[in-house]
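Please keep the sequence and the model open beside this note.

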Amino acid sequence: MKAIIVAGGHGTRLFPMTKYTNKTMLPLNGYPVIDYALSTIRNSGIRNITIICNKFIDKIRDHVGDSVRYVLEDEPKGVAYALQLARGGNEGCPLLIWFSDNITNMNLKNEVRDFKKGAILLTREVENPEDFGVAVFESKTITGVVEKPKNPPSNVAIGGIYLFDERFWERLDSAQSKPNFSISDVTMQYIAEGSAKILSVGENTWVDCGTPSGLAHASKLLQSGEFTPPEGMQ
């Protein structure tokens, strides 16, 4: 399995902080945000990692070093465009797709080791499901995903961290031209064929650091000890 960290775009939700640096380089209790993602990915056993980043690519490279591959998104044109930039060298294998706003201390080693086919979607229960892609269930089986619904069908949010089999690229190809494309247009294909599974973070923590309030919340959780950093960062 290989990993792709999606860290491009303008970072508008964190503006003006992202006027001068990539959102993943913003500090979170002594470490840039990207260190949390990289630690979790590496702890899962994945060593081949690609980072898609914007004009601040050199800042990330200077910090992370040459242990990962870098792809420049010179102009933000959406998620599908960004992912296609990283396609070379990441075909014919299962993938961990990680949207860089997210951090978690969940250990994914077993899921990565045992993964074979289909898709695994990380989930968590949230108080504001209208702000997320939300799972739709029938008899406890996931049957769909609704993006930022006004009337959420559940409080189970899906977003940010996914495991996909080697069919990911052909499924991205078939869906990327849809209006308002989101990664849910790919996950829905796996759900429709019954090969998607959800994985709850359970007692672990998962935080969206893509907004100032989210970043502040993550900092408070870390300071209080409610969120312990991934192994190797303590």
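1. The axes of helix H1 (residues 33-43) and helix H2 (residues 57-64) come within 12 Å of each other and cross at roughly 55°. The axes are lines fitted to C-alpha atoms, for helices over the stretch in contact, and the angles run from 0 to 180 degrees between N-to-C directions. Helices (H or I, at least four residues) and strands (E, at least two) are DSSP runs, numbered from the N terminus. H1 and H2 are therefore oblique to each other, given that angles under 35 degrees count as roughly parallel, over 145 as roughly antiparallel, 65 to 115 as roughly perpendicular and the rest as oblique.

2. This is a predicted model, in which local features need pLDDT of at least 70 and side-chain atom pairs count only at pLDDT 80 or more, while totals for chains, interfaces and linings use all residues. Residues are numbered from 1 along each chain as its sequence is written, and side-chain values use heavy atoms, with hydrogens and water left out.

3. The crossing of H1 and H2 is right-handed, a crossing being left-handed if the near helix is turned anticlockwise from the far one by less than a right angle, and right-handed if clockwise. On the H1 side Ile-34, Asp-35, Leu-38 and Arg-42 meet Ile-60, His-63 and Val-64 of H2, where contact means heavy atoms within 4.5 Å. This contact divides into 4 nonpolar, 1 polar and 2 charged residues; Ala, Val, Leu, Ile, Met, Phe, Trp, Tyr, Cys and Pro count as nonpolar, Asp, Glu, Lys and Arg as charged, and the others, Gly among them, as polar.

4. Helix H5 (residues 168-175) and helix H6 (residues 184-192) have axes that come within 9 Å and cross at roughly 115°, and H5 passes H6 in a right-handed crossing. Phe-168, Arg-171, Leu-172, Ser-174 and Ala-175 of H5 make the contact with Asp-185, Val-186, Gln-189 and Tyr-190 of H6.

5. The structure holds 1 cavity of 30 Å³ or more, and the largest cavity has a volume of about 50 Å³. On a 1 Å grid over the protein atoms alone, a cavity is a set of points where a 1.4 Å probe fits but cannot get out, and a pocket is an open set with protein on both sides within 12 Å along at least five of seven lines; lining residues have an atom within 4 Å of a point. Grid points are joined across faces, edges and corners, and a volume is the space filled by probe spheres set on the points. Among the residues lining the largest cavity are Leu-14, Val-33, Asp-101 and Cys-209.

6. The second largest pocket holds about 170 Å³ of space, and its lining divides into 3 nonpolar, 5 polar and 4 charged residues, including Phe-15, Lys-19 and Glu-73.

7. The peptide bond from Phe-15 to Pro-16 is cis, with omega near 10°, and Pro-16 lies in the loop between strand E1 (2-7) and strand E2 (27-28).
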